[in-house]
Amino acid sequence: ATPTALMVGTGRGAQLGILIKGPEVLESTRRIDTVVLDKTGTVTTGRMELHDAVPGEGVTEDELLRLAGALEDASEHPIARAIARGARERAGAQAPPLPTPEGFENLAGLGVRGTVEGRAVQVGRAAGELPARLAEAMTAAESAGRTAVVVSWDGAVRGVLTVADTVKDTSAQAVRELRELGLTPVLLTGDNRAVAEAVARSVGIEPTGSAVIAGVLPEDKAGEVRRLQAEGRTVAMVGDGVNDAAALAGADLGLAMGTGTDAAIEAGDLTLVRGDLRVAADAIRLARRTLGTIK
Ligand code: ADP
Ligand code: MG
């Protein structure tokens with residue numbers, strides 16, 4: 001590869017909204033055959049909204065939202081922000097402010113816990129059996145592509161909250177373009193399988209085989225990339241979150257969403273400035289073209 005051609009590629013990248021760490025990055029795209037896509041914030045906007053509050057036996061919707069909202073107000077997670085905002089909106093402007101939790105703890109990829117108004121509250125992934133009505137609400141939300149979390153306090157399940165994210169309107173086109181380049185898309189997420197499959201279908205990924213990898217803890221995302229590499233694949237990873245940083249660094253090519261976290265941008269080899277997934281296809285096309293002119 002002549003340095004001049006690579007420099008030209010880098011300049012063209014900037015015009016397309018691709019920031020390239022160094023010209024040598026283009027070289028590593030040559031053999032890419034698989035593109036792993038993070039779900040939340042990459043394929044979807046990640047701007048979640050509270051959709052539904054489903055209280056269990058003997059619990060009011062107000063109480064469910066106040067306790068869960070107070071706890072989530074201490075977290076930066078997109079699910080947490082949606083729940084805290086939704087709790088405030090539904091309580092109305094006249095309502096007293098959300099209480100401040102004590103002993104707040106964030107359990108990455110699982111949820112949050114802490115004490116609110118003297119009660120030990122947890123919000124997060126389901127662990128174990130749920131009362132039938134709550135289990136039904138959860139299944140209905142998840143098969144529609146919405147994320148459902150369970151609220152518990154003092155050792156019992158108290159309700160389910162569902163949050164809705166929106167698939168970016170460019171994501172389906174991006175998946176088509178990646179396929180046209182001969183690449184296999186894989187959706188990777190910490191979210192549950194039903195949600196992941198609904199989102200995959202909506203962007204044209206048939207959720208068979210290893211096309212959808214769900215329920216992955218943040219610390220295991222890099223391991224999933226390594227597993228694909230161990231199958232002999234050359235892997236590009238596209239992500240935006242703190243929980244994607246290790247996977248972005250471990251992939252053969254890491255593409256960070258410019259709309260994402262600093263940790264992801266630092267870990268990536270290149271940045272898609274506008275957070276438009278179609279530009280991932282542009283980046284790979286550009287690299288092939290640039291390298292194609294070099295003998
Ligand atoms: P993703 O890979 O889609 O970005 P995460 O790894 O951040 O997802 O989270 C995985 C799952 O952990 C979520 O779908 C949710 O069930 C649970 N979770 C994580 N953080 C929170 C939180 N603050 N409140 C409730 N649930 C949470
Ligand atoms: Mg994400």
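The axes of helix 3 (residues 61-72) and helix 4 come within 8 Å and cross at roughly 135°. Helix 3 is therefore oblique to helix 4; angles under 35 degrees count as roughly parallel, over 145 as roughly antiparallel, 65 to 115 as roughly perpendicular and the rest as oblique. Axes here are lines fitted to C-alpha atoms, for helices over the stretch in contact, and angles run from 0 to 180 degrees between N-to-C directions. The crossing of helix 3 and helix 4 is left-handed, a term used if the near helix is turned anticlockwise from the far one by less than a right angle, with right-handed used if clockwise. Helices (H or I, at least four residues) and strands (E, at least two) are DSSP runs, numbered from the N terminus.

The model is predicted: local features need pLDDT of at least 70, side-chain atom pairs count only at pLDDT 80 or more, and totals for chains, interfaces and linings use all residues. Residues are numbered from 1 along each chain as its sequence is written, while chains are lettered from A and ligands numbered from 1 in the order in which they are written.

Six strands make up an open sheet with antiparallel pairing, in the order 3-8-7-6-5-4; two strands pair if DSSP finds at least two bridges between them. Strand 3 (49-55) and strand 4 (102-107) each have a single partner strand and stand at the edges, so one side of each is left without a neighbour in the sheet. On average, neighbouring strands of this sheet are turned by 20° against each other, direction ignored. Within the sheet, six bridges join strand 5 and strand 6 in the antiparallel sense. Valine 112 stands opposite valine 123 in strand 6, and glycine 114 has valine 121 of strand 6 as its bridge partner. The two strands, strand 5 and strand 6, form a hairpin with two residues between them, and glutamate 117 in the turn has a positive phi of about 50°. Strand 6 also runs antiparallel to strand 7, to which four bridges join it; glutamine 122 stands opposite serine 152 in strand 7.

An open sheet of seven strands has mixed pairing and the order 1-13-12-11-2-9-10. Its edges are strand 1 (18-20) and strand 10 (212-213), each with a single partner strand, so one side of each is left without a neighbour in the sheet. Strand 1 pairs with strand 13 (residues 270-272) in the antiparallel sense over three bridges, and isoleucine 18 stands opposite leucine 272 in strand 13.

Around ligand 1 there are 22 residues, of which Thr40, His77, Ala80, Gly109 and Gly190 come nearest; a residue is near a molecule or strand if its C-beta atom, placed from the backbone, lies within 6 Å of it. Two or more residues of the shell come from each of helix 2 (39-43), helix 4 (78-91), strand 5 (111-116), strand 6 (119-124) and strand 7 (147-153). Domain 1 (3-45 + 167-292) and domain 2 (49-164) both give residues to the shell, so ligand 1 lies between them; the domain bounds come from an automatic or database domain assignment.
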